[in-house]
Amino acid sequence: MDIGKKLKALRQMNMLTQEELGNRCDLTKGFISQVERNLTSPSISTFIDLLDCLGTTPTEFFSVVDDKIVFTQDDIFEQEEKNYKIKWLISNAQKNKMEPILLEIEPEKSYKKIEPFEGEEFGYVLSGKLLLRYGKKDYELKKGECFYFTAKVDHILENKWKKKAVILWVSTPPNF
């Protein structure tokens with residue numbers, strides 16, 4: 001992390017000149033300039049004063065925001081089992097509020113039974129057919145159809161047909 005660069009960005013975001021920030025912290029414009037260019041390091045107490053004048057805390061300043069919004073094939077993690085293949089589409093999805101996967105279920109096979117949890121699930125059938133067993137009810141879905149439910153009962157996805165089924169499945173919170 002480039003501390004000087006981040007301090008400068010915060011100062012500019014607060015629409016302060018180096019002189020104005022220096023005045024608020026009893027520091028010189030030259031010292032602020034040197035800190036922003038990483039030519040000198042402030043003491044911890046001076047650094048905390050700078051952050052306070054810029055309206056933030058050390059925790060907020062040093063928190064790393066993962067602003068990745070586009071994911072490629074390189075980000076996908078795959079797990080292949082005998083009956084199915086899961087592709088996690090978002091790297092580190094467990095830290096997010098939802099978890100999208102691509103699930104491929106082989107013909108005449110099923111995905112493991114999922115126990116109830118506090119959350120919701122959404123699925124869209126990209127190809128093939130699917131039997132959704134939600135509690136004691138069965139629902140048949142074909143390509144282009146979707147499901148959405150709270151995950152308060154046992155459920156399982158089965159492919160009872162002779163063609164592979166591919167489902168885009170999203171769980172919140174992450175549960176796969």
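This is a predicted model: local features need pLDDT of at least 70, side-chain atom pairs count only at pLDDT 80 or more; totals for chains, interfaces and linings use all residues.
Local features need pLDDT of at least 70 and side-chain atom pairs count only at pLDDT 80 or more, while totals for chains, interfaces and linings use all residues. Residues are numbered from 1 along each chain as its sequence is written, and side-chain values use heavy atoms, with hydrogens and water left out.

Q: Which geometry do the rings of Phe61 and Phe62 adopt?
A: The ring centres of Phe61 and Phe62 are 5.0 Å apart. Their planes stand at 85 degrees, so the pair is edge-to-face.

Q: Is Phe61 buried or exposed?
A: Buried means under 20% relative accessible area, exposed over 50%, and partly exposed in between (1.4 Å probe, protein chains only). Phe62 has a relative accessible area of 38% and is partly exposed. Phe61 has a relative accessibility of 1%, so it counts as buried.

Q: Which residue lies over the face of Phe61?
A: A charge sits over a ring if NZ of Lys or CZ of Arg is within 6 Å of the ring centre and within 35 degrees of the ring normal. At 4.9 Å from the ring centre of Phe61, the residue is Lys6.

Q: How many residues apart in sequence are the parts that the pair of Phe147 and Trp169 ties together?
A: Helices (H or I, at least four residues) and strands (E, at least two) are DSSP runs, numbered from the N terminus. Phe147 and Trp169 are both buried. Phe147 belongs to strand β8 (residues 146-150) and Trp169 to strand β10 (residues 165-172), so the separation in sequence is 22 residues.

Q: In the open sheet of six strands, which strands stand at the edges?
A: Two strands pair if DSSP finds at least two bridges between them. The order in this sheet is β1-β2-β3-β10-β5-β8, with antiparallel pairing. Each edge strand has a single partner, so one side of it is left without a neighbour in the sheet; the edge strands are β1 (77-80) and β8.

Q: What is the bridge partner of Glu120 in β10?
A: Strand β5 (residues 120-127) is joined to β8 by five bridges, and β5 pairs with β10 over seven bridges, in the antiparallel sense. In β10, the partner of Glu120 is Thr172.

Q: At what angle do the axes of helix α2 and helix α4 cross?
A: Axes are lines fitted to C-alpha atoms, for helices over the stretch in contact (heavy atoms within 4.5 Å), and angles run from 0 to 180 degrees between N-to-C directions. Leu21, Arg24 and Cys25 in α2 meet Asp49, Leu50 and Cys53 in α4. The axes of α2 (residues 18-25) and α4 (residues 44-53) come within 10 Å, and their crossing angle is roughly 115 degrees.

Conventions: Rings of Phe, Tyr and Trp (its six-membered ring) pair if their centres lie within 6.5 Å; planes under 30 degrees apart count as stacked, over 60 as edge-to-face and the rest as tilted.
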